[in-house]
Each structure stands twice: as structure tokens, then as C-alpha cells.
Amino acid sequence: DTIIRWKRMSGYNALWVPGMDHAGIATQVVVEKKLMRERELTRHDVGREEFVNEVWKWKNQHGGTILTQLRRLGASLDWSRECFTMDEPRSKAVTEGFVRLYKEGLIYRDIRLVNWDCVLRTAVSDVEVEHIDIKEKTLLNVPGYDKPVEFGLLTSFAYPLEGGLGEVVVATTRVETMLGDTAIAIHPDDARYKHLHGKFAVHPFNGRKIPIICDGILVDPNFGTGCVKITPAHDPNDCEVGKRHDLEFINILTDDGKINTNGGSDFTGMPRFAAREAVLEALNKKGLYRGAQNNEMRLGLCQRTGDVIEPMIKPQWYVNCSVIGKEALDVAINDENKKLEFVPKQYTAEWRRWLENIRDWCISRQLWWGHRIPAWYAALEEDERKEVGAYNDHWVVARTEEEARKEAADKFSGKKFELTQDQDVLDTWFSSGLFPLSVLGWPDETEDFKAFYPTSVLETGHDILFFWVARMVMMGMKLGGDVPFSKVYFHPMIRDAHGRKMSKSLGNVIDPLEVINGVTLDALHKRLEEGNLDPKELVVAKEGQVKDFPNGISECGADALRFALVSYTAQSDKINLDILRVVGYRQWCNKLWNAVRFAMMRLGDDYSPPLTLSPETMPFSCQWILSVLNKAIAKTVESLNAFEFSDAANTVYAWWQYQFCDVYIEAIKPYFAGDNPIFI
């Protein structure tokens, strides 16, 4: 808001558009919890149509909260252009963007290993997975399990060899995945196992013949026993081995993380970590268990749910990022073609790190809230396999079902077919990535688009540099013909006074309206009670509020909060927000009010400023205050140009507080008190 007001006051044609995304995963989770809490129903109980209606109801009731906060903060957006990623114009842009990228060969469908969240029952992207390091045997709470689950253990067990040749011992941190093993890999040069080349092991639970394969890429003969179990459908490295050796890919998990029928009747229906214990017990009974030891490992957790990520083989839609990623990198680091600048500059290195290692972007989500993927599957009457998606070349991508039907008729000329739209929705970041284009009317050639694209400045948080900024740059350059903005300013992330990330479960989330209006401790508690916290989290959150806000939060007003946030921006990449500092600025705002009131009482209601000034005819005190004012103006403008907002705020504060109020007003008071102005 500081940027846009300053540019508008400086005579620029300034536009700041208020927009909201639909937050696909987060919103669906909130509404699912609400359904369960209020009606004890899952989304599958109510069905897709009714569930989506419930989400729209929730959105209409709560979705405007952020915009309301912005209004109360005095943000000078063009409210007549307010938009939402799921509204009609933005949805049209999303469909158009998908179709164009598909036609250019940048969007494709493939069956690959994905990061699967069993709570959400959807794939999540690599950047939505947080990794934790585990040094040794560790118990962790996992959503959906009553007791903690063991991690950090390497379990060894034996596979009996076919024909009575003995056994081979393998080790794994996820013993339940052995239900989907389809090979055992050895190094081709390992003399210990030369006699096993071309032989088979036998799966102890289902009798499946498991080939012993030679793979010099994966297997280190000096690590462990030199034998590696291969589960192509549930491990990234094993997946590559499976492709190299044309192995069977056996998925053993349902979408909600239970063992499916491929896992065998003894384990079918068990949650995966309960199956882990059952498999260990069954191996023990068969005399095949060979012990366990501590093992350092990295564990992937979903940012949204905290669920342990499960690698799963799934058909998904992808954006090929190799070329567009390199283009997005070049415009930020290539001095000859530099079109994009980051403030602070340190984020250029992070931009390089992300984009030099970019992988294709999985854009499909197995959710119900979001933009349905504009792809239809044509099931031909002559097809042997009837399930949707069985043949990858049967998909058609189009803007409407009518257009898809026409395209399918051309593609499968003379053949009978039935069309079914893909059930999946697009990753929220796909529609958000199009935002600089769609808010200005793209794909139509609107006057707004001609006037304002590319835009000047993006102001955002560094935590979504890749999630959002990189996607906007890649899609803006590809579909809009240019970078969507020339500068990106990364504001610091707001933490609580102790430096902790704001979290509902800690009770340290601060609503700006509560700072503006003030709030009692009881009202803070009530807000928590109306949320989605479970009873244990609620107790912890309330204790946190009592500790941080024993007397609630004082009424500070919007000006004090705005000024505090802007003055805080010098604090590296985090703001440890202390409400007492905001209270201090409220008191300063009162001083400003009194100073202006003092002036207006003496200038009168009909006062209008002169168009020209003659400082040489003025008293020394007036010459001095104008001189230091001009210095303050120059310093403020210089700071704003350099995106040094804290310096600008401090300069303004210092002039008002220490020069205007403390010195000048005190110096001129005698003039108004007496009849003779000569002493000034």
C-alpha cells in the first residue's frame, strides 16, 4: 500500500487489483473438518456436487475475511476490479491456459511416482513436502493413528530362494512395502551372488516368484548384505530400476493408505503402519525376521496435514518445465537480457537454485474443490479395457465438452465412443500462476491488458518464491509474451514476539482487526473455540494466549499498525511482531493528531496554503523547519526508490517527532502566546 500510494501521488497511472485464490487443499480440508464436526459426514458421504456447494457456502461466508482486513487497514486497492480465481473470467483464463500449453506440447499426461497424501487422498508437489531428519529410532504422531509410529529403524528379513538354494537377506525402513516387491537386485560383479544370476526368490506370503536381477547403478555391494529389495510402485529409486528391467509395478495401497487386495488377504484393509507391525509379526512367525537397527533417514511430511508422504504410482498431468524454467532463470541472472530484479538481492541465488534443479510440475490434484481439468477420456466401443484412463492416447483436451466431442470424432473417425471428463482438479498454483494475465482480462486483448501488462512490481513473501513467483514468470512469458513484472519485493514474514511462526494450534495468530479494534482475552479464546482445533490443541492454544495477551490487545487503530509493520521491514526476513511496539506508535499517532489540531486551531478553518513561499522573508525557525523538511523528503524518496521502507518510515518519524513536535512547535508557541512576534 505504501508503494501504490506513493506512485499514485507521484503522478503515475497506478493500479493495484484485489484478488483471492481458492486455496484448493486448505479450503477443502477446512470444509471437510466442518462437515465431520457438525454432521459426522465425510465428503464421500455427501457426494461431489453437494460438497462443492458446501465449499461455496463456506467461501461466501468466510472467504472475504482477508479483503475485509485489507479494507480496514486502509489499503488503496481498486475495489471495483475485485476478482477470485474461481470466478468466471479467471476460470475462462485457466481453461485457455491449459489448452494452449497442451497444444504446444508443454502439458502431458504420464504414469509416474508421485508424493501421495493419504489424509487428503491427493498428490502434492515436491515443494509442498517438508523433510525432517531422523537420527535413530523415533516415535512420531501420524494423522489417523491412535498411537505413535516408529521411524528410523532399518529392518532386515530373509527371502527364501527357489529350489532350496538357501536365502538372501534384504533390509528396509518400510517393511510393509515388501508386499509389493517384484525383484531383488544385486551388483553384477559381486562374487558372493554369482550363482544367483537369473535365479528367483519366493515371496513368503503369496508365493510370487521374484527375479534376482543385476543392477550396477543402484546396488552398492559394500552396503549391507549387497542385496536390495525392489518395490517399483512405492520408491523413487526402485521405480527407475523397474523401468530399466521392465519389472511389474504392483501398487499395494488404497488412496487412503490402507493395504489393498494386491497386498494379500492377511493384510488387506489394514492401515499401512498397522500393516508394518503385522508384516513384522508374520515374518517372525515364518522365521524370516533378521533384526532391526537404528538408521538415519529423511522423512517427507505434507505441509498441509503433517501426514507421512507415500510414494505412489499414479497417472497425472504435468507441465514440462525444462525450457520455460530456463527462460525464467535467464531473465533474472543474464545481464544482457535482464528483465527481473529481486529485492533483497539475496533471493536471486535461491531463484537460481530452484530453477536450475526444476522438475516437471505435477498439476493434477485428486480434490473436488478447484478447476476441473479440461480433458475428456474417449472410451471406444472396441476397447478391451473399459476403465477411464486405460489408454493414454484416448484423452482429448478442449475448452468445452462440445469442442472435446468434435475433436474426439475427428481423432477416432467412424468409431463409437463415450466421453468422460477427468475427475481431477488443477493445482491452485496453476490458476494463481496466471493471475497477472487473468486479472487484466487475458486471454482477451482488453484495454487493461494493453495498458498494464507487464506490470511493474510484485510484493510477496519469500516463502512462495517458487510456488507462485516462478510459476507466474514461466506462464507470463509463455502465454503473455513477457515477464509479468520487472521487480519483486519480498517482505519479511510476520512471526510472534518470540520469533515463532504464527499457528492456530499455538494460539499466537494475530488478526489485524483485533489490533485495530482491540480485543479481550475472552474474545481471543472464543475465536479459537469457533475454529477447527481438536480439544488438546485448543488447551495449548488458550494457554499461549494467556501467556502472550494476559490483558487482551489494546485498541491501536489502523494507522499505528500500518506504521509499525512498515517500520519493522528492516528486520531481516522475519518480523517478530511485539504488540507493545504497535501501542507505542498509537501514542505517536495521538501526538500527530494533537500537532495537526494545534496548527489548525491557529490557522483557522478557511486557511489555504500559499502557492509560493519566500523563505528569505521568514523567521529563522521557519527557515530551519523547511530545510530539515526538504532533507527528510529527499531521504524518504531515496529510501522508497530503494525499497528501504523502514528507513523511509524512520525518516518521517524522526522529522515529526524530534524536529516538528519537539523543536518547532515549542519554538513558535510564544508567538501565539504573546502580542510581539519580534523575538522569533
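Where is the place of alanine 23? In this predicted model, in which local features need pLDDT of at least 70, side-chain atom pairs count only at pLDDT 80 or more, and totals for chains, interfaces and linings use all residues, alanine 23 lies in the loop between strand E1 (19-20) and helix H2 (24-39), where helices (H or I, at least four residues) and strands (E, at least two) are DSSP runs numbered from the N terminus. Residues are numbered from 1 along each chain as its sequence is written, and side-chain values use heavy atoms, with hydrogens and water left out.

Most residues other than glycine have a negative phi, and most peptide bonds are trans. Alanine 23, although not a glycine, has a positive phi of about 45 degrees, and with a relative accessibility of 25% it counts as partly exposed (buried means under 20% relative accessible area, exposed over 50%, and partly exposed in between, with a 1.4 Å probe and protein chains only). Aspartate 246, in the loop between helix H7 (236-245) and helix H8 (272-285), likewise has a positive phi, of about 55 degrees, and counts as exposed at 73% relative accessibility.

Two cis peptide bonds can be described next. The bond from valine 343 to proline 344 is cis, with omega near 0 degrees, and proline 344 lies in the loop between strand E17 (341-343) and helix H10 (347-356). The bond from tryptophan 442 to proline 443 is cis, with omega near 15 degrees, and proline 443 is placed in the loop between helix H13 (435-438) and helix H14 (447-452).

A search of the whole structure finds zero disulfides, a disulfide being a pair of cysteine sulfur atoms within 2.5 Å.
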